[in-house]
Amino acid sequence: MPTVHDWINNPLGIVDEMFAQSHSSPDWEKKVVEYFKEKLKLNDAHAWVPSLNDVPLHYMKPNSLVKFRCMVQDMFDPEFFMGVYEINDPTSNSKQVKCGKYKDVTECAQVDFNSRNTVTSERQTFYCVPIPGESQWVKESYAGTSQARVVPSTSYVQNRHKRSYEEDDEMDTQSQMKDVSQGAHSSAESHGNMDPKRQETKAPSQDSSPSHCTSSLDLNFPLPGEKGPACLVKVYENWDSFKLNDMLEVFGILSVDPALSVIADEREASSLLDPTEGMETVEEQRVHSPPASLVPRLHMLYAQPLVHNNPLLPSSALENGDYLSSVLGELASVRAELLTFLTHVLMGDSLAAEYLILHLISNVYSRRDVLPLGKFTLNLSGCPLSSPYTEHLYNVIQQLVPSSFRLCMSLQNMNNQRMVPRKDYTANRLMSGILQLANNTSLFLDETQLEQGQLDTTGVQNITALGNLISWQKVDYDFNYHQMEFPCNINVLIASEGRSLLPSDCQIHLRPTLNPPNLEEYLSAVQVAQVPSQINKYRIYLSVARALNYTISDEITKAVEEDFVEMRKDDPQSMSAEDLHRLLVVARLLSLSHGQNTLSRDGWMKAKQLEVLRLSQTQQQKCVNGNEP
């Protein structure tokens, strides 16, 4: 069994030991990363590492190994720090070479800035937030599998119930002021200026009162009402391999050094007295150096890109052939049970339930020029207005998918909420928006909430942004003087009374065959009837089905082409190229939903039958509502 005490509780000790043994060998840093990677592979050792998603920050031991499941919300400018530095030890009257990697401040001793042994290194900082819209069942499941043992940090938790974290930090650091002023010059975020005065560690420029901290510090979560920690993740290698909005599980060394707050206060006071003292504005200092007690620093040792955030699947399950083979055999039976469940939720409309399954497993698997292939935005029209039906429908979807968000398209929301992220050049950060979401998020647009009124400029821009997301699976971020495209992979479901004002890949009109006297009680009973083990089967099914590879043989391709010509023979208007594209998407999703990764003739015929039924059902509704567009 690995010595947990060493590599989890005191990772810096291992780093320093390997540095001391390196004798200036350049590959010691790689050995450090490999060491921790190997430890994490052993017998689910990653489950022993405490998670910032589950454990309150004040229960975490400073400078210990922790993990964080997150999304990259912003990327700051690179910063310089002292990778290697030399100190003068007054007690022994000797000099020692120290490692500055994975640290925010140096050891409390006199740093020799003129030493020839000093090595200036560069690192990148990512601002990371919890995965937006992550479902409660996901958080609880991840927390339930954790084997980490944590106790309140005795260094500064005793009185935390009586006063704020910031007040604790202030009291803890008053006695260290002299040492810090000498020793905290190491891990400087100097942003290219190598003047020693600029090599102080940046930290919060906040007032110590809790009210000031909470009012002036915006954690910049993309979705309203989100909770959880935000982190400044320090990246030391291969940072070009990460992209904005990537989902990651970061393993790194936690830094919540109270000295960061002291230095930041000094820097803010200095910049106010002499604006030429620093290159950064006060706003930028506050954003880039928030209180470590609110936004801890995490020095990355290793990051695992997350293809999905479904805790019921092993992280590499979708690449494991044996695992997929064992699951594929059960997909057909689980699909039948899920279809029955969704049919009840959709008040007896089994056809709508079929299309909802296809929507839930849809996925942008490739792009041809600007065209995203595989997307399947569904417009479920005919939703009742007289009851909170759409809210209950969203709750069901939220129980099935790992990440989701319901956007009520009320006039007030459309005119006031920020959908598109915007660059704030004063604070030098990307202000998040509702559409800054991780891949595979389910976005539920509730158009039944839209009332009559006038959309202002912001409202029109938000509607345009939603239309671009649906049609092109991209969001144009606002950089003031230009826009920058960011591709995405977001499942959009539009619930509406009539046909949606937004584009969609497929519209199906809800035709209930059940008319329960109390709709809310009925829907609640339908959900309660599903035991947790059954719901978990649905969750695994949806994640696996959407990740399966899919091919079409030359034989089937030729048969589809001949069928297309035949369908257009009598009436060329009956089947357009757009209709064929949608039919091919339906056929693909229908095959995958049955656990089949290739299209068969039978699958093609079933897809055609589904589309005929859907078009018939939608056409009947148009005849009933003559004013329907």
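This briefing covers the pockets, strands, cysteines and selected residues of one structure.

The model is predicted: local features need pLDDT of at least 70, side-chain atom pairs count only at pLDDT 80 or more, and totals for chains, interfaces and linings use all residues. Residues are numbered from 1 along each chain as its sequence is written, and side-chain values use heavy atoms, with hydrogens and water left out. The largest pocket has a volume of about 870 Å³, and a search of the whole structure finds 0 disulfides.

**Pockets**

- Rolling a probe the size of a water molecule over the atoms shows where empty space is left.
- A pocket is an open set of points, on a 1 Å grid over the protein atoms alone, where a 1.4 Å probe fits, with protein on both sides within 12 Å along at least five of seven lines; lining residues have an atom within 4 Å of a point.
- Grid points are joined across faces, edges and corners, and a volume is the space filled by probe spheres set on the points.
- The lining of the largest pocket is made of 30 residues, and those nearest the centre are Asp 44, His 46, Glu 249, Pro 314 and Ser 315.
- At least two lining residues of the largest pocket come from each of helix H3 (28-41), strand E1 (65-75), helix H4 (136-145), strand E7 (247-255) and strand E8 (297-305). Helices (H or I, at least four residues) and strands (E, at least two) are DSSP runs, numbered from the N terminus.
- By class, the lining of the largest pocket has 12 nonpolar, 10 polar and 8 charged residues. Ala, Val, Leu, Ile, Met, Phe, Trp, Tyr, Cys and Pro count as nonpolar, Asp, Glu, Lys and Arg as charged, and the others, Gly among them, as polar.
- The second largest pocket holds about 660 Å³ of space. It is lined by 26 residues, with Ser 504, Asp 505, Cys 506, Glu 578 and Arg 582 closest to its centre.
- The lining of the second largest pocket divides into 10 nonpolar, 8 polar and 8 charged residues.

- Strand E2 (residues 79-89) is largely enclosed by the rest of the structure, because 9 of its 11 residues are buried. Buried means under 20% relative accessible area, exposed over 50%, and partly exposed in between (1.4 Å probe, protein chains only).
- Two strands pair if DSSP finds at least two bridges between them.
- E2 runs antiparallel to strand E5 (residues 119-129), joined by 5 bridges; Met 82 has Thr 120 in E5 as its bridge partner.
- E2 also pairs with strand E3 (residues 94-99) in the antiparallel sense, over 6 bridges. Here Val 84 has Cys 99 as its bridge partner.
- E2 and E3 form a hairpin with 4 residues between them, and Asn 93 in the turn has a positive phi of about 55°.
- A further antiparallel pairing, over 2 bridges, joins E2 to strand E4 (residues 110-111), where Val 111 is the bridge partner of Ile 87.

**Parallel sheet**

- An open sheet of 5 strands has the order E12-E15-E18-E11-E19, with parallel pairing. Its edge strands, E12 (404-408) and E19, each pair on one side only.
- Strand E11 (residues 378-381) and E19 run parallel and are joined by 4 bridges; Leu 378 stands opposite Cys 506 in E19.

**Cysteines**

- A disulfide is a pair of cysteine sulfur atoms within 2.5 Å.
- The sulfur of Cys 128 has its closest cysteine sulfur in Cys 70, at 4.0 Å, which is too far for a bond.
- Cys 128 is buried at 0% relative accessibility, and Cys 99 is buried at 1%.

**Selected residues**

- Gln 96 lies in strand E3 and is partly exposed, with a relative accessible area of 29%.
- Ile 540, in helix H16 (residues 532-547), is partly exposed at 21%. Its C-alpha atom is separated by 8.9 Å from that of Val 327, 213 residues apart along the chain.
- Most residues other than glycine have a negative phi.
- Asn 220 has a positive phi of about 65°. Asn 220 is in the loop between helix H7 (210-216) and strand E6 (231-235), and is buried at 2%.
- Asn 440 has a positive phi near 70° and sits in the loop between strand E14 (429-431) and strand E15 (442-446).
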